[in-house]
Amino acid sequence: MSVIIWITEGSWPACVDAARERAGDADLVLLHVTDDAVSEAAHGAFAGLLGRGRPERDPGTRLEDLSRAAADDLFDEAERRLGRPARRLALHGRAEQQVIRAAEGAELLICARDGDRTHLGPRSLGPAARFVVDHAPCPVLLVWPDTAPGLGSLPPPP
């Protein structure tokens with residue numbers, strides 16, 4: 001059984017904790033997705049405006065290096081918290097699309113809410129998590145990154 005743990009900068013501890021508590025001896029995969037839009041914009045701006053003939057000064061390359069290092073650090077921290085080895089899967093592109101593709105054939109996908117953390121309800125899911133929940137090809141365990149808000153945060157009935 002494989003369990004995909006989608007780790008993001010703001011909510012990875014809750015996802016890792018959920019996997020540690022619920023995944024048993026399953027094959028664990030730590031998934032991180034890097035959106036390349038910022039580095040691509042930097043490459044384009046540099047090539048178009050500043051850098052013809054000087055590729056060593058391209059800030060997009062520096063941004064790619066920083067993103068890769070940050071992802072490696074996140075993988076290391078997540079694996080330490082998990083307390084056992086896990087396969088690492090580093091993808092690039094739109095996060096929601098890559099997560100759906102990575103979850104194909106998995107037994108479970110663990111992800112965290114990425115929206116409003118102060119209220120229960122649909123706004124606790126941002127666009128990426130909403131897409132993943134709606135389109136996942138496997139069961140999804142959706143966790144709160146922090147303590148879940150109380151029932152008092154529910155809106156009144158219509």
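Reply: Helices here are DSSP runs of H or I with at least four residues, numbered from the N terminus, and the model they are read from is a predicted one.

Me: Which helix holds Glu79, and which residues does Glu79 touch?
Reply: In this predicted model, Glu79 belongs to the helix that spans residues 59-82, which is α3. Leaving aside residues up to four places away in sequence, Glu79 touches Leu30, Arg84, Pro85, Ala86 and Arg88.

Me: How far apart in space are Glu79 and Val16, C-alpha to C-alpha?
Reply: Along the sequence, 63 residues separate Glu79 and Val16. In space, the distance from C-alpha to C-alpha is 8.3 Å.

Me: Are α4 and α5 roughly parallel or roughly antiparallel to each other?
Reply: The axes of α4, residues 95-103, and α5, residues 127-135, come within 9 Å of each other and cross at roughly 30°. Angles under 35 degrees count as roughly parallel. The two helices, α4 and α5, are therefore roughly parallel to each other.

Me: Which residue lies over the face of Trp144?
Reply: A search of the whole structure for aromatic pairs finds zero. Over the face of Trp144, at 4.5 Å from the ring centre, lies Arg113.

Terms used:
Residues numbered from 1 in each chain as written. Predicted model: local features only at pLDDT ≥ 70, side-chain atom pairs only at ≥ 80, totals over all residues. Heavy atoms only, no water. Axes fitted to C-alpha atoms, helices over the stretch in contact; angles between N-to-C directions. Parallel < 35°, antiparallel > 145°, perpendicular 65-115°, else oblique. Phe/Tyr/Trp six-rings, centres within 6.5 Å; stacked < 30°, edge-to-face > 60°. Lys NZ or Arg CZ within 6 Å of the ring centre and 35° of its normal. Contact = heavy atoms within 4.5 Å.
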